[in-house]
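Good morning, and thank you for coming. Please look at the sequence and the model on the screen while I speak.

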Amino acid sequence: SVAGAHRVVQSLAIISKNDTRVIFSGTDHGLFRSGDSGQSWIKLKQGLFSQDIRVLAVNSEDSQVIYAGTPKGIFKSEDQGESWSEWFDEANGLTNTVINDLQIDPRETDTLYAATKGGLYVSHDEGEFWEPTGAGILENLDVRTVRFSAAQPDHLIIGTETGTFRSSDGGQHWEKKWETLPQSISSLIGLNTDPEFIFVGTDKGLFKSFNGGLNW
């Protein structure tokens, strides 16, 4: 088990490496890594300490680059977690540092989206500078999750305390979607199918749609 016991696992990231998997486990008290598919674990502390790791994101084009979202901002490693040389917070434009979720643009990996308790933020330079998205629509909104549509990769979808929203222009404009679902959205995932299969976690349970959100 991770670190022996008594750790709440909040996020996972997996990197396939030959016949084994490198697994990262973010907990409420630090980040752990296994290089042997989970048989043994080490704690990663250099520059990260024992942060509350809410979410992990790995660059799909360069698996050395990993981001960790915490209540104090976003940490970045460029050596697969050995050290965490950068910390993005208010000084980088993240006016709300409580990070609920992170998503790297699969088509342009310099671009990241951060779901925070105070709105959705975007960085186009690997995290160095952040700005809010949505032209004020999402301002001060508790954004719980952010994902790109699996079937329509130009569509960005967020789950919030007041429902789900979708953007087709990188977060500049949003439309509210799926208003038959409970308002408080905590997680969502889509499958690259036609039509897209979508699963949404809410405070009232798990909902699924097999027709891109037309019915749940």
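The largest pocket has a volume of about 370 Å³. A pocket here is an open set of points on a 1 Å grid over the protein atoms alone, where a 1.4 Å probe fits, with protein on both sides within 12 Å along at least five of seven lines; lining residues have an atom within 4 Å of a point. The volume is the space filled by probe spheres set on the points.

This is a predicted model, in which local features need pLDDT of at least 70 and side-chain atom pairs count only at pLDDT 80 or more, while totals for linings use all residues. Residues are numbered from 1 along each chain, and side-chain values use heavy atoms, without hydrogens or water.

Of the 20 lining residues, L56, A57, V58, L102 and Q103 are the closest to the centre of the largest pocket. β1 contributes six residues to the lining, the largest share. Strands are DSSP runs of E, at least two residues, numbered from the N terminus.

β9 (99-104), which supplies at least two lining residues, also belongs to an open antiparallel sheet in the order β9-β10-β11-β12. β9 and β10 (112-116) pair over five bridges, where pairing requires at least two DSSP bridges. Within β10, A115 is the bridge partner of D101.

T145 lies in β13 (143-148) and is buried, at 2% relative accessible area, the limit being under 20% with a 1.4 Å probe, protein chains only.

Note on methods: Helix = DSSP H or I, 4+ residues; strand = E, 2+ residues; numbered from the N terminus. Buried < 20%, exposed > 50% of the residue type's maximum accessible area, 1.4 Å probe, protein only.
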